[in-house]
Amino acid sequence: MKKIILFAAGLFPMLFNSQTHIPASNTPVSFEALAGNKGFASQMTVNKAFEGSKRLGFFSVANISSKWNENNSKDAMIQANLTFEILKNLRLVGGSHYTPNTGLRPTAGFMYAKNFNDFLLIVNPRFIGFSKSSIAEGFVMIEYNPKISENWKGYSRIQGLYSETVKDGEHARSYLMLRAGVSYKTITFGAGANFDSYGPFKESKQNYGVFAAARLFN
């Protein structure tokens, strides 16, 4: 899992160099739901600049998933961060990180984000918590949306996360999300797979199914 996520991160220079389109002005807010063989998963992603500010912004990813036989979800990861651009496309990130097991903790790190009309890259290394139980975490998301026609686009996404405890380097949490489909205007749908691992023994969970996503606004 760790090697796969690091490999995905290494793809971005090649993908970046292949893009020749004019950068989009601002990334849309998106909501996605996956119905799979093991359960339901949802994600909301926000990566927006504040209106009237060239450097300040807000970045958030919220993941919630549950098995079909669960009444209440026990698997959630929610982060909310303010961002400040120090160099072009490179930002300082600081905010909060929440899971049901660890509770609400502070987080800080860096984020590289590049947005084109058909390509989005986000790389976000960060620290979570500032104590003996601190976690070092890396997050990568790559989306590619090649144009098919006036209203239709192809869609693919690789999204990965890997975190380990700073004190002893043990695995804490990781996941890999794969998506492939098409987009019609602001709606995207297709096939998806989630691969999750938990704790030092890397207890795994897989979920395969279909997904649908919507861009809420630009």
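Colleague: Is Phe189 buried, partly exposed or exposed?

Modeller: In this predicted model, Phe189 counts as partly exposed, because its relative accessibility is 36%.

Colleague: And what about Trp152?

Modeller: Trp152 is also to be described as partly exposed, since its relative accessible area is 34%.

Colleague: How many aromatic pairs are there?

Modeller: The count comes to five aromatic pairs. One of them joins Trp152 and Phe189: the ring centres are 6.3 Å apart and the planes stand at 80°, so this pair is edge-to-face.

Colleague: Which strands do Trp152 and Phe189 come from?

Modeller: Trp152 belongs to strand S9, residues 152–165, and Phe189 to strand S11, so their pair ties together parts that are 37 residues apart in sequence.

Colleague: Which pair do Phe195 and Tyr208 form, stacked or edge-to-face?

Modeller: Phe195 and Tyr208 form an edge-to-face pair, with 5.6 Å from centre to centre and 80° between the planes. Phe195 lies in strand S11 and Tyr208 in strand S12, so parts 13 residues apart in sequence are tied together by this pair.

Colleague: Are Phe195 and Tyr208 buried or partly exposed?

Modeller: Phe195 is partly exposed, because its relative accessible area is 25%. Tyr208 is partly exposed as well, with a relative accessible area of 42%.

Colleague: Which residues do ring pairs link into a cluster?

Modeller: The cluster linked by ring pairs holds Trp152, Tyr184 and Phe189.

Colleague: What lies over the face of Phe211?

Modeller: Arg179 does, at a distance of 5.7 Å from the ring centre of Phe211.

Colleague: In which sense do S7 and S8 pair, and over how many bridges?

Modeller: S7 and S8 pair in the antiparallel sense, over ten bridges. Within this pairing, Asn124 stands opposite Phe139 in S8.

Colleague: What about the hairpin of S7 and S8? How many residues are between the strands?

Modeller: The hairpin has six residues between the strands, and Gly129 takes a positive phi near 75° there.

Colleague: How do S8 and S9 pair?

Modeller: S8 and S9 pair in the antiparallel sense, over ten bridges. Met141 stands opposite Gln159 in S9.

Colleague: Where does Tyr144 lie?

Modeller: Tyr144 lies in strand S8. Tyr144 counts as partly exposed, because its relative accessibility is 34%. The C-alpha atoms of Tyr144 and Leu120 are separated by 6.6 Å, although these two residues are 24 residues apart along the chain.

Colleague: A change of topic: which phi does Asn89 have, positive or negative?

Modeller: Asn89 has a positive phi of about 75°, although it is not a glycine. Most residues other than glycine have a negative phi.

Colleague: Where is Asn89, and why does it count as buried?

Modeller: Asn89 lies in the loop between strand S4 (75–87) and strand S5 (90–99). Asn89 counts as buried because its relative accessibility is 15%, and the limit for buried is under 20%.

Colleague: And what is the phi of Lys202?

Modeller: Lys202, which is not a glycine, has a positive phi of about 50°. Its place is in the loop between strand S11 (187–198) and strand S12 (203–217). With 46% relative accessibility, Lys202 counts as partly exposed.

Colleague: Finally, what joins the side chains of Asn47 and Arg91?

Modeller: A polar contact of 3.0 Å joins these two side chains, those of Asn47 and Arg91. Asn47 is found in strand S2, residues 39–49, and Asn47 counts as buried because its relative accessibility is 3%.

Key:
Residues numbered from 1 in each chain as written. Predicted model: local features only at pLDDT ≥ 70, side-chain atom pairs only at ≥ 80, totals over all residues. Heavy atoms only, no water. Helix = DSSP H or I, 4+ residues; strand = E, 2+ residues; numbered from the N terminus. Buried < 20%, exposed > 50% of the residue type's maximum accessible area, 1.4 Å probe, protein only. Polar contact = N/O pair within 3.5 Å; in protein donor to acceptor, adjacent residues only side chain to side chain. Phe/Tyr/Trp six-rings, centres within 6.5 Å; stacked < 30°, edge-to-face > 60°. Lys NZ or Arg CZ within 6 Å of the ring centre and 35° of its normal. Pairing = 2+ DSSP bridges.
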